[in-house]
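Have the model open beside you as you read.

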Amino acid sequence: MDLIEIRRRLHQIPEPGFEERRTQALLLEIIRSLPQDRLQIQTWRTGILVRVRGDNPRRTLAYRTDIDGLPVVEETGHPFCSQHEGYMHACGHDMHMAIALGVLERVVTQPLADDVLFVFQPAEEGPGGARPMLASHEFQAWRPDEIYALHVAPEYPVGTIATRPGILFANTSELFIDLYGKGGHAAFPHQANDMVVAACHLVTQLQTIVARNVDPLAAAVVTVGCVHGGTKQNIIAEHARLEGTIRTLSADVMTAVKSRIEALVRGVEVGFGCRAEIDYGANYRQVDNDLALTRQFLDWARTAQVADVIECGPAMTGEDFGYFLADIPGFLFWLGVDSPHGLHHAKMDPSEGAIEVGVRVVSEYLRWRSEQHDT
C-alpha cells in the first residue's frame, strides 16, 4: 500500500459523524484489495469491523481508529485539501485511518497467533460512535479481549510516542444553554426582557465555577466558545444561546460542575425573569488506560526501541475511546506528528512521516503481545 497516497485520498473526503459514506466506501475498497482468506468484514452503520484470523488464537486483540471529520474550513493550501466544503480532517483521523490500514496489511500478510479485530469507528467528534458501536450485536459477536488506539499529537516530534497508566484524557461534556425572554424596540427597554444582557451575566458567572467551586488540586475547564443572540442592533433580543464545553479529570468533579451550572442558570431565570433550557449534548467518558497493560506497553516500547517514549501527564482533550476502555482492557497513546498548528485548527498539518512510525509501533506491539502467554 502507498499509505501516504491513501491518507491524501481520505483527507479529501472528510464527513460528519454517521455520514461517512464516501469514507466507508473507500476503506472497503482498500480492505477488499487485500488477501481475503483470513478476513471477515462486517459493516455497522458507516463504520467497519474487520477480523483477521490468527494461526493459533487464544484471544482477540483489537485496534481502533476513528474515521469522521470536523466542520472546519481548511487553510493548509495543499493540492489534496478537502473537497467537502466546510469540512476538514483537522484532528488527524485521516492519519489514523492510514495507519490502521497499514497495520491491517501487515497482519494479513504476516499473520499473528491471535485473532485481531480492526475497528473503523464513525462519529468520534460527535455525536459519539463508540458507545453505540460497543453495544452493537456486530461488535459483541467479535468482542475482543484487549483494545488499543492512538491519537496524533502535533506538539511531539515525529518518532515520539507518549502515554501514561490511568487517566490520559478528560471527561467531556458539551454545554448548550438557551435563554428565552421578551423582544422589543431598543428605544423601549423597559417594555422588553433582554436576553443578550442575561447571557452576558451568565457567561461571567460560569467563569466563577472553576475559580471558586472546584478544588484547586483537582482540574476542570468550563469554556463558552460561542454566543448567539439578537438579530439587529436596534432590536432587543428575546432569545440568546450559549454553546460551550466542560472538561474534568474525574466523574465526581463533572457532576459537581454541572450541579453548579444548573444553580447559576436557575439564578439567571429568577434574576432576569426569563426561561432557560440546558442541554449537555454529547458526553464522553474519560480515557482511563489500563494500568498493567499500559506499563507493559511502555516497557516494551523502550526495550524494542520502536520510538522515543515519553510518559506524559493527562490532557483535557476528550475522546469517546474511553467507552471502549471502560468495558475492555487497553490503552491509547499519543503519536508525534510535528505540526506547527494544533488539533482542530484550519492549518493543522501533520507530518506524513509519522504514518510509518505508527504502523511500526502498532504492528510490532500486536505481534509481541500475541506471543505473550498471559490472558
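## Helix 9 and helix 11

Helix 9 passes helix 11 in a right-handed crossing, where right-handed means that the near helix is turned clockwise from the far one by less than a right angle, and left-handed means anticlockwise. Before going further, please note that this is a predicted model, in which local features need pLDDT of at least 70, side-chain atom pairs count only at pLDDT 80 or more, and totals for chains, interfaces and linings use all residues. Residues are numbered from 1 along each chain as its sequence is written, and side-chain values use heavy atoms, with hydrogens and water left out.

Helix 9 covers residues 291-304, and its axis comes within 11 Å of that of helix 11, crossing at roughly 110 degrees. That makes helix 9 roughly perpendicular to helix 11. Angles of 65 to 115 degrees count as roughly perpendicular, under 35 as roughly parallel, over 145 as roughly antiparallel and the rest as oblique. Axes here are lines fitted to C-alpha atoms, for helices over the stretch in contact, with angles from 0 to 180 degrees between N-to-C directions. Helices (H or I, at least four residues) and strands (E, at least two) are DSSP runs, numbered from the N terminus.

Which residues meet here? From helix 9 come Leu293, Gln296, Phe297 and Trp300, and they meet Val361, Glu364, Tyr365, Trp368 and Arg369 of helix 11; contact means heavy atoms within 4.5 Å. By class, this contact has 6 nonpolar, 1 polar and 2 charged residues. Ala, Val, Leu, Ile, Met, Phe, Trp, Tyr, Cys and Pro count as nonpolar, Asp, Glu, Lys and Arg as charged, and the others, Gly among them, as polar.

## Helix 2 and helix 3

Now turn to helix 2 (residues 21-31) and helix 3 (residues 93-109), whose axes come within 11 Å and cross at roughly 20 degrees. That makes helix 2 roughly parallel to helix 3. On the helix 2 side, the contact is made by Thr23, Leu27, Ile30 and Ile31, and on the helix 3 side by Met97, Leu101 and Leu104. These residues divide into 6 nonpolar, 1 polar and no charged. The crossing of helix 2 with helix 3 is right-handed.

## Two cavities

The structure holds 2 cavities of 30 Å³ or more. On a 1 Å grid over the protein atoms alone, a cavity is a set of points where a 1.4 Å probe fits but cannot get out, a pocket is an open set with protein on both sides within 12 Å along at least five of seven lines, and lining residues have an atom within 4 Å of a point. Grid points are joined across faces, edges and corners, and a volume is the space filled by probe spheres set on the points.

The largest cavity has about 50 Å³ of space. Its lining includes Phe297, Val361 and Tyr365, and helix 11 gives the largest share, 4 residues. By class, the lining has 9 nonpolar, no polar and no charged residues. The second largest cavity holds about 30 Å³, and among its lining residues are Tyr63, Asp66 and His96. Strand 3 gives the largest share of that lining, 4 residues.

## The largest pocket

How much volume does the largest pocket have? It comes to about 640 Å³. Of the 29 residues that line this pocket, Glu125, Thr245, Arg247, Gly318 and His344 are the closest to its centre. The lining divides into 12 nonpolar, 10 polar and 7 charged residues.
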